[in-house]
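Let's take a friendly walk through the strands, cores and pockets of this structure. Have the model open beside you as you read.

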Amino acid sequence: MSFLKKIFGEKKEIRQLNSVKDLTTGDIIVLTDSFALPANLRQQQFQVTAVNSYEYERLTQTEWVLTGENATELYLTLEEDDKSYLKFSLKIEHADVESLFDLEQFSDIFEENNQAQLSRQADNDKTQGWTSDLYQQHVFAQVGYFHKKDHRSETLSAYEGKEAGEQFELYTLYDPAEDRGIDVEVWSDGDTDVFLTLFRPLTDIVDMYPGS
């Protein structure tokens with residue numbers, strides 16, 4: 001048998017991809033055409049171009065970096081409570097924040113015991129379909145660590161140094177329905193990243209194709 005395998009070659013086993021949790025670099029997802037999605041997600045294909053990890057005190061999350069055909073970059077995590085939801089995150093720039101919100105109101109997010117509220121001013125082409133009229137703060141300065149590693153297959157270092165994760169503080173707001181939100185990550189060097197977030201059912205991914 002082994003001799004015949006050497007002659008004809010072993011048949012390569014096709015990797016099965018049955019769950020979002022199994023996504024890895026190179027895999028492709030296809031999203032539904034539902035009008036509940038922003039236009040830049042609707043019926044689009046995205047490839048997983050990197051897998052990272054967010055480590056908190058009681059939770060480690062997988063983050064899939066998604067790149068679309070029009071070079072749109074998104075971030076996907078799974079939110080698991082009574083049900084599992086897809087959490088899509090879109091990074092926005094300072095100019096987007098400035099057009100979306102009053103900056104003085106936005107700064108209230110970083111004031112302890114303030115429970116900031118944000119009212120949307122105006123969307124632009126990038127943020128259309130991602131935002132809500134009103135947001136309420138739910139998370140203040142939660143400490144986390146970001147790792148450019150896939151914790152499912154790689155060990156995350158618990159020590160400081162070259163292999164350690166990068167520390168940040170997380171501030172989170174949700175709209176009244178809690179199906180849209182804002183994440184603000186403040187890094188130890190003072191850099192601040194702002195993301196618009198969207199929570200959707202798992203069924204919004206209508207197809208998945210293994211990259212290898």
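Strands here are DSSP runs of E with at least two residues, numbered from the N terminus, and two strands pair if DSSP finds at least two bridges between them. This is a predicted model, in which local features need pLDDT of at least 70 and side-chain atom pairs count only at pLDDT 80 or more, while totals for chains, interfaces and linings use all residues. Residues are numbered from 1 along each chain as its sequence is written, and side-chain values use heavy atoms, with hydrogens and water left out.

**Strand β9 and its neighbours**

β8 and β9 run antiparallel, joined by 7 bridges, and Tyr-174 has Gly-181 of β9 as its bridge partner. On to β10: β9 pairs with it in the antiparallel sense, over 7 bridges, with Arg-180 partnered by Leu-198 of β10. These two strands also form a hairpin, with 4 residues between them, and Gly-190 in the turn has a positive phi of about 95 degrees.

Since 8 of the 8 residues of β9 are buried, this strand is largely enclosed by the rest of the structure. Buried means under 20% relative accessible area, with a 1.4 Å probe and protein chains only. Arg-180, Ile-182, Val-184 and Val-186 point one way, while Gly-181, Asp-183, Glu-185 and Trp-187 point the other way.

**Cores**

A nonpolar core is a set of buried Ala, Val, Leu, Ile, Met, Phe, Trp, Tyr and Cys residues joined through side-chain atoms within 4.5 Å. The largest has 38 residues, and among those touching the most other members are Trp-64, Phe-88 and Ile-182. Strand β5 (residues 84–92) gives this core its largest share, 4 residues. A second, separate core of 6 residues includes Tyr-54, Phe-146, Phe-168 and Trp-187.

**Pockets**

A pocket is an open set of points on a 1 Å grid where a 1.4 Å probe fits, with protein on both sides within 12 Å along at least five of seven lines; lining residues have an atom within 4 Å of a point. Volumes are the space filled by probe spheres set on the points.

| Largest | about 900 Å³ | 35 residues |

β4 (73–80) gives the most to the lining of the largest pocket, with 6 residues.

Methods:
Buried means under 20% relative accessible area, exposed over 50%, partly exposed in between (1.4 Å probe, protein chains only).
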